[in-house]
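This briefing sets out what may be read from the model displayed below. It is arranged by topic for reference beside the coordinates.

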Amino acid sequence: MITAALTILFHGLAFAMVLYIVSVGLGITMGLMNFANLAHGAFAAAGGYVVVMATRSLGLPFWVALPAAFVTVALAGAVVERLVVRTLYGADELRQVLFSIALLFMAIAGFTLAFGPLQQQPEIPAALSGQVTLGGIDFPAYRAFVIVAGVAILAALWLLIGRTRMGMRIRAAVDNRNMAEAVGVDTRMLFTLTFALGTGIAGLGGGIGADVLSITPTYGQEYLVLFLIVVAVGGLGSIFGPFLAALCIGVVDVAGKYLIPEFGAFFIYGVVIAILLAKPAGFFGVRS
Amino acid sequence: MTSFRTLTLGTAMAAAALLPMAASADAKAYKVGLIASLSGPTASLGQQIERGARLYEQLHKTDLGDDTIELVVRDDTGPAPDVAKRLAQELVVRDHVDFLAGIIFTPNANAIAPIATQAKVPFVIMNAAASATTKASPYIVRVSQTIPQFTQPLAQWASKQVDIKTVYTLVSDYAPGIEAEEAFTAGFKGDGKSVVQSVRVPVQSPDFVPFLQKVKDAKPDALYVFLPGGTQSTALMKAYQSLGLKEAGIRLIGSGEVTVEDELPNMGDAALGVVTGFHYSTAHDSKANADFLKAWQAAYGADSTPTFMAVGGYDGMAAIHHAIKAMKGKGDGKAAVDAMSQWTAESPRGSVSIDPETRDIVQNIYIRRVEKVNGALRNVEFETFAAVKDPGKAK
């Protein structure tokens with residue numbers, strides 16, 4: 001019984017970390033720029049494809065492929081921000097949503113054309129494909145790595161946002177954009193950098209999480225609801241909020257399916273409704 | 001595709017050369033409206049059907065003499081009955097097709113059935129597998145498979161295994177899954193045999209760990225699974241492996257979608273030993289299948305693998321060819337359906353025929369085990385249930 005409970009908790013954590021890594025960038029950009037980017041998942045899928053291509057076709061090691069995914073997707077994010085997203089800041093939400101959902105559909109069609117409709121799996125290093133034993137229970141090593149990576153990314157973001165000058169600017173702009181501009185923060189540059197950072201982390205998440213959420217052309221559409229839930233429950237513009245939200249949702253989802261499988265995916269939505277009724281701005285949201 | 005285009009061009013030139021002759025004979029140009037899901041999450045399925053149908057056309061173009069067949073392909077985008085219905089209407093009214101064909105999802109087939117009946121157009125189903133669908137219109141002929149047809153033989157096989165006494169069933173929570181659960185539960189019987197628990201999981205489950213942990217706690221001898229295939233099957237296999245169900249002595253059995261050929265390479269060695277009941281495996285040992293695989297890879301590349309969907313498209317066109325030949329330029333939709341009801345063939349999956357009473361496919365169902373053949377995972381057939389009619393119709 002205890003073994004089962006620990007196994008469930010472990011897999012819930014791994015699922016939660018993937019959700020966190022992919023979603024955290026979405027929360028930051030939505031909080032900072034008021035831009036509802038429904039195409040966020042497409043950037044995660046792009047990162048997944050970079051890792052697949054790098055490990056399968058180019059034969060690069062997994063540890064090189066992950067940073068490559070981050071850099072490639074961040075650059076792509078910066079280009080998209082400069083070319084099109086920029087024109088939609090301050091536009092009404094309907095236009096933003098229509099634009100980003102169209103971007104998502106274009107990405108899906110593009111991925112299908114380039115990589116085919118089937119799912120793709122990256123080559124995982126031998127060190128991560130076995131089992132690790134903790135307290136007499138075997139856990140898949142790869143999922144343990146996912147959990148460690150999630151915590152590491154949280155720590156890195158906390159340092160970046162909480163301890164650097166750029167982080168200070170981002171926090172200032174999230175709190176009050178006009179005031180930040182008035183005191184001389186270059187928000188145009190800041191927006192590009194933040195958008196690139198957010199999409200880059202999503203790309204990293206797509207690559208790291210490819211074993212949990214399979215990389216298919218429709219990735220960004222299939223899991224969109226999960227990403228939005230994490231951001232809404234966590235609160236816009238926060239890095240801890242989505243972490244807590246992802247933990248909550250990952251563990252509740254897995255535990256619910258285990259305990260009462262007949263209700264399947266219902267739990268996750270029940271919990272979301274309850275949390276949002278109690279805290280409409282999410283756990284750590286600066287605004288709802 | 002290049003080879004296909006060259007071939008089309010070649011045929012066009014040949015036709016041009018023969019033009020004076022062809023004009024004097026009363027050659028007929030038939031149109032087949034092929035509806036499949038060619039975009040979205042299920043795009044790979046539609047691609048299989050379309051490629052299978054086109055391959056048959058490519059190989060048998062000259063069989064009809066002066067008559068020609070044109071494929072008019074439409075994308076119904078997935079399980080979307082309203083879209084499928086609209087497309088079928090357009091194909092009948094605007095394109096004047098002589099046959100409707102294709103269809104992956106049962107709800108789409110059911111939505112098209114009334115149109116086939118009203119327009120008196122024969123409707124060849126190349127996949128949609130719910131048992132009752134052929135009753136929806138007298139113009140439906142199904143060349144694919146039905147869920148009870150491949151589920152019951154597996155249940156009978158499992159009933160005979162001394163080491164399988166208790167089974168846990170896990171199916172996707174939609175109509176075909178429920179039909180599979182019922183067919184398996186009805187077929188798995190005998191002394192001390194029981195289905196200990198049944199669970200229906202959401203159709204899009206990203207992670208099967210919680211469900212399979214529950215299975216592991218219940219310690220059945222085998223886990224029976226029906227899933228729509230694709231990423232779901234791989235996700236299941238990952239959870240099966242990472243929770244160590246095989247090591248815990250829980251065997252995995254299921255329908256052929258669980259180990260479908262285009263996903264097998266993604267599953268890795270976790271899939272070894274999985275036993276499934278189904279009508280087509282690329283490892284089927286026959287000349288017809290060897291020829292089919294060779295032609296497929298010549299047309300679509302050596303790393304492309306046909307699945308049962310492709311065979312459905314391929315055989316569907318074979319049935320349509322049979323009808324056109326039998327009618328000899330005369331006859332209406334009803335005559336075409338009657339002709340197809342008499343169709344028998346040596347398909348890549350084995351001998352097939354249509355049951356004239358139900359207009360449903362009669363075929364061998366094979367029990368297969370995943371084994372490594374020349375380094376690649378294959379569904380190797382080891383037991384055959386010959387000429388199985390749809391048990392769902394006996395009720």
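A residue is termed buried if 20 or more other C-beta atoms lie within 10 Å of its own, exposed if 12 or fewer do, and partly exposed in between, with C-beta atoms placed from the backbone. By this scale V185(A) is partly exposed, because 17 other C-beta atoms lie within 10 Å. The model is predicted: local features need pLDDT of at least 70, side-chain atom pairs count only at pLDDT 80 or more, and totals for chains, interfaces and linings use all residues. Residues are numbered from 1 along each chain as its sequence is written, while chains are lettered from A and ligands numbered from 1 in the order in which they are written.

**Confidence**
- The model has an ipTM of 0.77 and a pTM of 0.83.
- Chain B has a mean pLDDT (the predictor's confidence in each residue, from 0 to 100) of 89, and 93% of its residues reach 70 or more.
- In residues 15-24 of chain B, pLDDT stays under 50, and the model has three contacts beyond four places in sequence for this stretch; two residues are in contact if their C-beta atoms, placed from the backbone, lie within 7 Å.

**Surroundings of V185(A)**
- V185(A) lies in the loop that runs between helix 8 (177-182) and helix 9 (187-208) of chain A; helices (H or I, at least four residues) and strands (E, at least two) are DSSP runs, numbered from the N terminus.
- Leaving aside residues up to four places away in sequence, V185(A) touches R169(A), A172(A), A173(A), A180(A) and L190(A).
- Between V185(A) and A172(A) the C-alpha to C-alpha distance is 8.8 Å, at a separation of 13 residues in sequence.

**Annotated spans of chain A**
- An unreviewed UniProt entry places the feature "transmembrane region" at several spans of chain A, including residues 35-54 and 60-85; UniProt positions follow the numbering used here, feature names are shortened, and annotations may be inferred rather than shown by experiment.
- Residues 35-54 of chain A are 75% helix and 0% strand, with end C-alpha atoms 31 Å apart.
- Residues 60-85 of chain A are 85% helix and 0% strand, and their end C-alpha atoms lie 32 Å apart.

**Contact between the chains**
- Chain B places 25 residues in contact with 24 residues of chain A.
- On the chain B side, helix 3 (43-59), strand 7 (194-201), helix 8 (209-218) and helix 9 (231-242) each supply at least two residues.
- Helix 8 of chain B gives the largest share of that side, six residues.
- The side of chain B that touches chain A comprises ten nonpolar, ten polar and five charged residues, where Ala, Val, Leu, Ile, Met, Phe, Trp, Tyr, Cys and Pro count as nonpolar, Asp, Glu, Lys and Arg as charged, and the others, Gly among them, as polar.

**Domains of chain B**
- Chain B is divided into domain 1 (2-145 + 285-356) and domain 2 (148-278 + 366-393), with bounds from an automatic or database domain assignment.
- The centres of domain 1 and domain 2 of chain B, taken over C-alpha atoms, are separated by 30 Å.
- Domain 1 of chain B contributes ten residues to the contact and domain 2 of chain B contributes 16 residues.
- The unreviewed UniProt annotation "domain: Leucine-binding protein" covers residues 30-371 of chain B, a span that is 41% helix and 22% strand.
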